[in-house]
Amino acid sequence: MPNATEPQWLTERLTQTVALATAEVHAGGIPFAGLVADDTATVLGTGVNQVRAHRDPTAHAEIVALREAAREHGPHALVGATLLASGEPCPLCYVTALWSGVGRIVFAADRHAAAAAGFDYASSYDLFAVPVEQWRLSPLHLPVEGAQEPFRAWLAR
Ligand SMILES: [Zn+2]
């Protein structure tokens, strides 16, 4: 339900984002869309899932929208901006938004609604509740000779 304390434009932009996702389904895509807006409700970027089209496993709708906003307006435009998503962002998109400097994330349908439609990423949130050593795809730490060299070079530049 819309929160009465939030600006009206937030509801309007989120409704627009949901409509983008629905249109994407009618165009043969999958049901996710993202939109980045600044505090004056100006749209900085939009995106739909492009994983198959771009052969890019990171081209989730929210990330496509963040990339477009940064490309068109510069990365600083994202700082404090709002990322709107038709579906709850997965952890990849959430962390990308965090690193981008976005100040707010707003979504329409939650992870459980996405799972009911066949897009079950809810379990990926569980990763962060357990130590990395217990993850299904636990990374191997292999400190080869020179492993610290990139950082030494960086600090010495
Ligand atoms: Zn995602």
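Buried means under 20% relative accessible area, exposed over 50%, and partly exposed in between, with a 1.4 Å probe and protein chains only. The model is predicted, so local features need pLDDT of at least 70 and side-chain atom pairs count only at pLDDT 80 or more, while totals for chains, interfaces and linings use all residues. Residues are numbered from 1 along each chain as its sequence is written, and side-chain values use heavy atoms, with hydrogens and water left out.

**View 1. Cysteines Cys 90 and Cys 93.** Cys 93 counts as buried, at 0% relative accessibility. Cys 90, at 10%, also counts as buried. A search of the whole structure finds 0 disulfides (a disulfide is a pair of cysteine sulfur atoms within 2.5 Å).

View 2. Helices (H or I, at least four residues) and strands (E, at least two) are DSSP runs, numbered from the N terminus. Helix H1 takes in residues 8-26, and its end C-alpha atoms are 27 Å apart. Trp 9, Leu 10, Leu 14, Thr 17, Ala 21 and Glu 24 are buried in H1. They cover an arc of only 135 degrees around the axis, which puts them on the same side of H1; the arc is that of the directions from the helix axis to the C-beta atoms. Gln 8, Thr 15 and His 26 are exposed, on the face turned away from the buried side. After H1 comes Gly 28, with a positive phi near 100 degrees.

**View 3. Surroundings of Ala 21.** Ala 21 is found in helix H1 and is buried, with a relative accessible area of 5%. Leaving out residues up to four places away in sequence, Ala 21 touches Ile 30, Pro 31, Phe 32, Ala 33 and Ser 86 (contact means heavy atoms within 4.5 Å). Ala 33 is 12 residues from Ala 21 in sequence, and their C-alpha atoms are 4.7 Å apart.

View 4. The 4 strands of an open sheet have the order S2-S1-S3-S4, with mixed pairing; two strands pair if DSSP finds at least two bridges between them. S2 and S4 are the edge strands, each pairing on one side only. S3 and S4 pair in the parallel sense over 5 bridges, and Leu 84 stands opposite Val 106 in S4. Cover for the buried residues of H1 includes S1 (33-37), S2 (43-48), S3 (82-87) and S4 (104-109).

How values were computed
Expected span 1.5 Å × (residues − 1).
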